[in-house]
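Please work through the following exercises with the sequence and the model at hand. Each task is followed by a worked solution.

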Amino acid sequence: MQQKDISGLSRSELKTLITKDYIDFCLKYTLNGQQLSFVLDNKSHVTLLDDGILAINLNQHSTHTNAEQSKSIVLSCAVHGNETAPIEICCLLIHKLLSEELETAHRVLFIFGNIPAMAISERFVDENLNRLFSRDISSESLEGRRAKVLMKQVDDFFEKAPSTKLHYDLHTAIRPSKNEKFAVYPYLHGRDYSKEQLAFLSACEVNTILLSQSPTGTFSYFSSYQHQAHAFTVELGKVKPFGQNDMGKFKAVFQKLVELLSEAEVSLPEYEKCPLTIYTVNQVINKHKSDFTLNFADDMVNFSEFKAGDILATESGTEYRAQFDNEAIVFPNANVAIGQRAILTVIPYEL
Ligand SMILES: [Zn+2]
């Protein structure tokens, strides 16, 4: 990926480029380790912290009178480079904020996770970034190095956070889903589930929730575990190339994100009235042998259900079966590396 250095640009040229199209800016330019900030007419502070990492009101709590009411919000996308809809959503939010069509009183950190993968329209370059968010990560791959940068930025951002910490890591799934939009609630280690957060997701038309039951290397688990943020991996639909997303499908989530950024509090439906379907993880099936095979059609949709005893997958010496009626599969992928998760199964759960 050939990128130009920003040194030749004046501050106003820079502001114009970022406001016009932050995706295009990220693909064409690199900060080369520099940090830059500028102030908008509405007094919002914009800081370019690193490539694909843009903060608004980074140090706001030191001067803002309502510090305790201000939220610290991380919106991340492109952790998988080909998941374009969330990237377009974040780009549009950045455009509205920088053109002052929208104003935020909160601290906001926008993260485009994997720009080299975005540039080649692939999920990743060397390995899956969303398995690498862990303090003891030693991988020196492109994604391993990027994970360390992203963790450091999120650490710095949340350590200065005066109050509510939020992180929505926005994705689109590889395969279609029976429940097109869904969110993964990271393992909370005994902390309480937030019904307010689930009502927010429901208002975003994300009505299927998957409760993870173990530590993982995902970005949302990192923010949840390390910073006690309300953090979620949010899947917004199926992967499409840039420009081919039907943005009408993302209207509700876009409107709620606008409200989250621009209002002190978001108006939420009553939790009891939300049409939520909640699942908890039952089995995590890892691939151990190269002949690992799914026992269902390659294009079977996420949340397809099986009966107790149905074979889900096989590999030399082992059969993996559903243990309950209505056990559903999520994220099946036989092409993962040996040792990685090939299928997750979930069963219905009452909160
Ligand atoms: Zn993804």
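The exercises below treat the domain interface and then the salt bridges.

The model is predicted, so local features need pLDDT of at least 70 and side-chain atom pairs count only at pLDDT 80 or more, whereas totals for chains, interfaces and linings use all residues. Residues are numbered from 1 along each chain as its sequence is written, and side-chain values use heavy atoms, with hydrogens and water left out.

**Exercise 1.** Describe the contact between domain 1 and domain 2.

Step 1. The domain assignment, automatic or from a database, gives domain 1 as 4-273 and domain 2 as 282-348. Their centres, taken over C-alpha atoms, are separated by 30 Å.

Step 2. With contact defined as heavy atoms within 4.5 Å, domain 1 contributes 13 residues and domain 2 contributes 17 residues.

Step 3. The two domains bury about 1,200 Å² between them, of which 57% is on carbon and sulfur atoms. Buried area here is the accessible area (1.4 Å probe) that two parts lose on being put together, summed over both.

Step 4. On the side of domain 1 that touches domain 2, strand 9 (182-185) and strand 10 (208-211) are the elements that give two or more residues; strands are DSSP runs of E with at least two residues, and helices are runs of H or I with at least four, numbered from the N terminus.

Step 5. Between domain 1 and domain 2 the count of salt bridges is zero, a salt bridge being a side-chain nitrogen of Lys or Arg within 4 Å of a carboxyl oxygen of Asp or Glu.

**Exercise 2.** Locate the salt bridges D156 forms with K152 and E259 forms with K256, and state whether the residues are buried or exposed.

Step 1. The search of the whole structure finds 12 salt bridges.

Step 2. In the pair of D156 and K152, the closest N and O atoms are 2.8 Å apart. Both residues lie in helix 5 (residues 142-159), four residues apart, about one turn of the helix.

Step 3. For E259 and K256 the closest N and O atoms are 2.9 Å apart. These two residues lie in helix 8 (residues 251-262), three residues apart, again about one turn of the helix.

Step 4. Buried means under 20% relative accessible area, exposed over 50%, and partly exposed in between (1.4 Å probe, protein chains only). D156, at 28%, is partly exposed, and K152, at 48%, is partly exposed. Both E259 and K256 are buried.
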